[in-house]
Amino acid sequence: MNLSWVLTTLVFSPLAGIAVLALLPKTQEKLIKLIGFLATLPPLALGLAAYLHFLDGKKLSDFAVSTEWIQFRGMNVNEPIYSVYYELGLSGFQLLLVVLTAVVATLAAIAARSVKKEWKGFFMLFLLLEIGMLGVFTAENLILFFLFFEITLIPTFFLIGKWGYFEKEKAAYSFLIYNGLGSAVLLIVIMILFAKTGTTNIDLLAHIMTDETAPLSGALKLGLLISLLVAFGVKLPIFPLHSWMLRVHVQAPPAVVMIHSGILLKIGAYGLIRFGMGIFPEQFETLAVAIAILGVINLLYGAFLAFIQTDFKMVLAYSSISHMGIVLIGLAAMNEAGIQGAIFQVISHGLISALLFFLVGVLYERTDTSLIDNLGGLAKGMPITAGFLLAAAMASLGLPGMSGFVSEFMAFLGLFRELPWIAAVGTIGIIMTAAYLLRAVLGMTYGKAHREFVGVADLRGVEFVPVVVLMLLIVLIGVYPSVLSSPLQATLETLMLGLGG
Amino acid sequence: MENAWLIPLFPLLSFLILLLIGKRLKEASAYVGILFTLASLVFSILVLFERFSEPTFLKKFDWLTIGDLHLTAGFEVNQLNALMLFIVSLVSFLVHTYSKGYMHGDERMPVFYAYLGLFTFAMLGLVISPNLLQTYIFWELVGVGSFLLIGFYFYKEEAKAAAKKAFIMTRIGDVGLLIGMILLFWQTKSFEYSEIFQAVEAGAVSNTMLTLTAILIFIGAVGKSGQFPLHTWLPDAMEGPTPVSALIHAATMVAAGVYLVAALFPLFTASPTALLTVATVGAVTAIFAASIGLVQTDIKRVLAYSTVSQLGYMMLALGSAGYVAGVFHLMTHAFFKALLFLAAGSVIHAVHTQNIEEMGGLWKKLKLTGPLFLIGTLAISGVPGLSGFFSKDEILVAAWEGGHPVLFLFALIAAFMTAFYMFRLFFMVFTGESRGQQKNVHESPSVMTMPMVVLGVLAVIAGYVNTPWFGSFLGDWLVDGNEALGHGHIEGPIWIMIAATVVSLAGIYLAWLIYGKRSIARDWLSGQGGMLYTVLYNKYYIDEFYQLTVIAFTKGFSYFLRFIDTFIVEGIVKGVSGIVQGLGAMGSKMQTGRAQTYGTVAFVSLAVLAVIFALTGGYLR
């Protein structure tokens, strides 16, 4: 059976939704929201089908597609000098990210019910964003990756700038400037690689780099890797490139933050793993100590700052910085445990932060505030929401039985083997995470009620869907981590091969 | 025993059921909880009896694969596990039953029973884990159960603060355990207890590493068992409902630290330094907490400090290589301390206060609670004939044989203090005139008194299982087949037993003089040593010390980082956006609208390109 149509369909299927939306009148609020939601389902169905395909014991390479696309020809017309293929593919790692994207997108579409104006524009941009994200994770060469990467930027810019909160414009611009600069650096790296090697295929590049006769000096490779670290460091974000994402987390509408924190930040981690570690393993090794230190700084910096925030959204924003530190810690370990921990953390944090931001959206919709001091005693008026909030916080602080623990544990397990002292400093983050999350969540839900919660509805109806689905996934990964680790086996082996281990 | 894995699952089911439909069941949810824990108890008893005659049962499967590493999960029934299963499920069942009366009328009863189920699940899971990783997993879950139950009255600020404190303080210890466990893993390539012990025995781990990992793991036990200096959360944890204090903060969870050290005993014995650390921390905690207990006025807090002190005793026993003594005292303490807490709950239920200054003369009004409380008090004071006497004697012998005379002395003084403050409590609550304005004081319903009676019986007889009277010693069974655990039973010098008895009776006599007969004025202590009294009453100012150091530092450091974030990092941001804006401004200045300028630029640029083309011959390679 030829399955090469699957990925293209998966990536571009939201276009159908965009087309339908384009034909609808602006005022049909309910219908627009319904179409917007339905349009996120085909990628989800196909993504899950691909996962089942894998579980069935079949190869993921069945999905690979590659056709000639763009060619630059010189004097001799028959021999293209540079050619760019349209190539999509799936490895275990990519598969997981595609499924994660599809799940979070569908749930975010549910969260977008609360959008108050111009639903048509919102959902068209939203679906375009989904295409970009799916493309990023399936692209098999750097040019295609870059195109999709840029496709994610533009809709996000408008989604923040138009549908956000009070300082939305400022947040949107700082998002664009930072990510634009990151893209510029990334583009330079891609162009140098393309010019030097004549290909942008990721696997091919990884292969070429192992070749001693390749026309790239060690210094150049190191320079390229550092550039990649900067480019993706903006996205992840790595201290001190993080300030744009704080604004985005606070100002963007809940559905967009779910996507942003759940998926878009993960592009940084994906890029670091797939390109940074995948293409430049040797140079990555020389930077390992620096990356470990950066990871610990991220972890502690985010945790300590989250400890004194007054706005719950800011707590979560700094918490994201802190949790992305764990990704760096895992990667810096350069062994199986660490890398697998980093990848687990990418997925796990995607689910947990999506859940937390959905709950923030629910709270904000009802109380018009996310300030911790204004929300005390919430558990009395909204016990179910408060319960899920506490459970999500527990997941985030790495409670065993939930996904956060498995990833944190493996990342530290890995780093303790290589750099025990740095890892030991990092464990302070484990304590601080508990401290800041409990301070914030108990501040909101426990204690005396600071206001009347009478008449404030608890979680209801369709709002249960995202909360329950995300919670179940979080617990599933925590209890039965093989759902993630078995697709990752092959990816890990490839990476370890590159690292010479 | 192959079905032992079901034991933790019953309470988990209870938790899930109550979470989903508890609201509809209302007070009937108590029956769900009671029935499921009863099932656990029945299975536990069967497993315990099977374990008397059969060898250890172990079953495991792959849980998480990391490259070539296969981390497993499973369950193991050895002597210690079987005993713990029995203790935990018994106390849990009794507390479930008791709570039906105690929590009567609380509309959040389903939530209460759900949390109890979650906790019992985690605790039972903890005691049948065959490896460190799984132990750690349940270890943390137990902490969450405790956290939820301490914060059960979530609308009270004190409960909120206590829950938060309990979670964070124990987590500090847990990080020690995590680090120790990971370091040990890279030394032995395994989390399995049996494989770790093999590696240790084979000398695969260096002495430094042994001591380091053992002490790190012990830090985890210090946090969980409320040992000095991480003890401050345990007295505050009394904000939870009293049955919870009996179950979690007396009999089961706080004993998990002791259990952990016992489960890893061969690791500890391999490092004399680690063993000495355990013994010292235990002895210091025992005397330190007992001294605070002398002057507290909240009935539950006195019991809490008593728990801390008794846990210190168990640690001292283990640290003196007295494996049997530690585990034995763990068991007897579980019974009499749970009894004391439940009886205290019954008192609070009757008089609606926890302040012993407002009680008094309750002996006549609480006809059942009073005698039961007395049994518990006698047992914990180490009066001959009751369970506490046997296990405490065992500990004193172990401390003496362990060769630490100073620690032995500490233990003896702590025993004196224990007898004193417990009988102070008893006399102030039950004898004399009533000092409060309570009316309608009446005995608790039988659903509450029956569990107390069961515990009362056990508090009397449980000590005899380690005597020759039953044909064989508990100790011999516990260490059977494992030489690393030391002797099953040792005959200590008889003078230790006499000394223990004398000390305990002296404490009781002094308490009687002051609070019973009142021939010594009550403010004698506070008058004679005003300073000392204030220091004790304020618990050595440890909380204040943490407030001024650790917490203040954390806050200060956070504000320092915020300073960096707002001025330096944002400064970079301003710089970056300034450059972009500057470039934009320059660009717009170029747009002068003069065609001549545009033309010039275009031609010059073309010329430059032509030159480059000519020089490189085409492509930029």
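With 23 C-beta neighbours inside 10 Å, Ala321(B) counts as buried, a class assigned when 20 or more other C-beta atoms, placed from the backbone, lie within 10 Å of a residue's own, whereas 12 or fewer make a residue exposed and values in between make it partly exposed. Ala321(B) is located in the loop between α14 (299-319) and α15 (323-351) of chain B, where helices (H or I, at least four residues) and strands (E, at least two) are DSSP runs numbered from the N terminus. Although Ala321(B) is not a glycine, its phi is positive, at about 65 degrees. Lys26(B), in the loop between α1 (6-25) and α2 (29-53) of chain B, likewise has a positive phi, near 55 degrees, in a residue other than glycine; Lys26(B), however, is exposed, with 11 other C-beta atoms within 10 Å.

The structure is a predicted model, in which local features need pLDDT of at least 70 and side-chain atom pairs count only at pLDDT 80 or more, while totals for chains, interfaces and linings use all residues. Residues are numbered from 1 along each chain as its sequence is written, and chains are lettered from A and ligands numbered from 1 in the order in which they are written. The model scores ipTM 0.91 and pTM 0.90. For chain B, the mean pLDDT (the predictor's confidence in each residue, from 0 to 100) is 86, and 95% of the residues reach 70 or more. Among the elements of chain B, the highest mean pLDDT, 92, belongs to helix α5 (residues 132-150) of chain B, and the lowest, 62, to helix α22 (residues 524-528) of chain B. Where pLDDT is low, the predicted coordinates should not be read in detail.

Chain A contains 22 helices and 2 strands. Along the principal axes, the C-alpha atoms of chain A fill a box of roughly 75 × 60 × 45 Å, and 60% of the 501 residues of chain A count as buried. Of the contacts in chain A with a separation of 6 or more, 79% are accounted for by residues 24 or more positions apart, a contact requiring C-beta atoms, placed from the backbone, to lie within 7 Å.

At the interface, 41 residues of chain A are in contact with 41 residues of chain B. The elements of chain A that give two or more residues to this side include α8 (168-197), α13 (281-306), α15 (336-367) and α22 (482-498). The residues on the side of chain A that touches chain B divide into 28 nonpolar, 9 polar and 4 charged, with Ala, Val, Leu, Ile, Met, Phe, Trp, Tyr, Cys and Pro counted as nonpolar, Asp, Glu, Lys and Arg as charged, and the others, Gly among them, as polar.

Two cis peptide bonds were examined in chain A. One joins Leu236(A) and Pro237(A), with omega about -5 degrees, and another joins Phe239(A) and Pro240(A), with omega about 0 degrees.

In chain B, strands β1 (residues 57-66) and β2 (residues 69-77) pair in the antiparallel sense over 9 bridges, pairing being assigned if DSSP finds at least two bridges. These strands form a hairpin with 2 residues between them, and Gly67(B) in the turn has a positive phi of about 60 degrees.

Technical notes: Two residues are in contact if their C-beta atoms, placed from the backbone, lie within 7 Å.
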